[in-house]
Amino acid sequence: ENEKMNDDEMSYDLVSRPRRLRTTPAMRRFAAETRVTPSELILPVFVKEGLSEPQPLASMPGVVQHSMDSLKRAAAEAVELGLSGFMLFGVPETRDAVGSAALDPEGILNRGIRAVREEVGDEIVVMSDLCLDEFTDHGHCGVLDEQGRVDNDRTLEIYGRMGVAQAQAGAHMVAPSGMMDGQVGVIRAALDAAGREDVSILAYSAKYSSAFYGPFREAVDSTLTGDRKAYQMDPANRREALLEMQLDLDEGADMVMVKPAMSYLDILREVADASPVPVSAYQISGEYAMIEAAAANGWINRDAAVRESVLSIKRAGANSILTYYATELARWFRDEN
Ligand code: PBG
């Protein structure tokens, strides 16, 4: 009935015309269900020992390995732009089998945390990656047993001490990303035993073994040969993400994360629907690199693709997003508001 042609005007008598809400930029802004603000963004940063100048990364154009000075400037800028967090990764000069530099208060990551915390105080959430892969000479996220397999429980003991070292350096929040069973519980207990009940844990709950981590391995000068399939999740699995989330919550996670983001938006939606705590998603190095590479070839509109990618992660349920675009997005937001 309502699709009958009206003879004089050559139009259909449609009751609903969704296009009415798409007519002008102002109308579209009004009708938008999702928007991304700087307070939802967390900037991941790399600080490398021994650098006097920031060093560009070939596979991540626009992203650098920071010197201590440029790291502090980046942190100040993150505060000024209103980002919610600053996630630090350290790249040490020397590595060993057990990742000793991760526990050393003078290790690069702990020094970086201290410098950033001195710079920003409580103005932004200072977060640190809690994992051994940047610190071990074999590049795995944990220590190895005699057969060369990652030894879950011996790694846990080190993670606990690493968490305390990061807390003492000034991290507000530690982010265990090694996918060892029981890591959140052991780190929570270690922090509490050290009197650091105030330090929170962002658990990389559903972290998949992804081909898209490629550029990150350059960013941290990774020495890994082989893969992380014996500890990171199989991309084929969905239920397992919910199990990992539940375990992390039971062990005391304050927030949970899904990673990578774009190839896992279905997982993100499910975790977001099930989680009683805030959910983060990590738009990882390969996601960044793909956008940059396609844009450099003139195949996509870079800025539009950046916005769409991050918007989709928010729409899928993320309360906060770790993205190498955080500063740039926040600058656009500031200029448009
Ligand atoms: C492990 C870690 C990785 C990333 C964050 N933490 C790499 C890995 O699991 O191999 C990836 C981040 C990215 O790709 O942007 N410490």
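So, what share of the 337 residues in this protein is buried? The answer is 51%. Before I go on, keep in mind that this is a predicted model.

Okay, the overall picture. The protein has 11 helices and 12 strands. Its radius of gyration is 22 Å, close to the 20 Å that the globule rule gives for 337 residues, so the protein is as compact as a globular protein of that length. If you draw a box around the C-alpha atoms along the principal axes, you get roughly 85 × 45 × 40 Å. The accessible surface is about 15,700 Å², and carbon and sulfur atoms own 50% of that. And if you take the contacts with a separation of 6 or more, 73% of them join residues 24 or more positions apart.

Now let's go to the helices near the end of the numbering I have here, α10 and α11. Helix α10 covers residues 302–315 and helix α11 covers 326–336. Their axes sit 11 Å apart, at an angle of about 100°, and angles from 65 to 115 degrees count as roughly perpendicular, so that's what we call this pair. Who touches whom? On the α10 side you've got R302, D303, V306, R307 and V310, and on the α11 side E328, L329, W332 and E336. By class, that contact is 4 nonpolar and 5 charged residues, with no polar ones.

Next, a serine: S128, in strand β7, residues 125–130. Its relative accessibility is 0%, so S128 counts as buried. Leaving out residues up to four places away in sequence, S128 touches M87, L88, I113, Q166, A171, M173, V174 and A175.

Let me start with the peptide bond from K259 to P260, which is cis, with omega near -5°. P260 is in the loop between β10 (255–259) and α8 (265–274).

M179 has a phi of about 60°, and you'll find M179 in the loop between β8 (173–176) and α5 (183–193). D221 has a phi near 50°, and D221 lies in the loop between α6 (214–219) and α7 (239–250).

So which of these is buried, and which is partly exposed? M179 has 6% relative accessibility, so M179 counts as buried. D221, with a relative accessible area of 29%, is partly exposed.

That's what I've got. Thanks, everyone.

Notes:
Residues numbered from 1 in each chain as written. Predicted model: local features only at pLDDT ≥ 70, side-chain atom pairs only at ≥ 80, totals over all residues. Heavy atoms only, no water. Axes fitted to C-alpha atoms, helices over the stretch in contact; angles between N-to-C directions. Helix = DSSP H or I, 4+ residues; strand = E, 2+ residues; numbered from the N terminus. Parallel < 35°, antiparallel > 145°, perpendicular 65-115°, else oblique. Contact = heavy atoms within 4.5 Å. Nonpolar A, V, L, I, M, F, W, Y, C, P; charged D, E, K, R; others polar. Rg over C-alpha atoms; globule rule 2.2 N^0.38 Å. Buried < 20%, exposed > 50% of the residue type's maximum accessible area, 1.4 Å probe, protein only. Areas by Shrake-Rupley, 256 points an atom, 1.4 Å probe, with all protein chains shown as cover.
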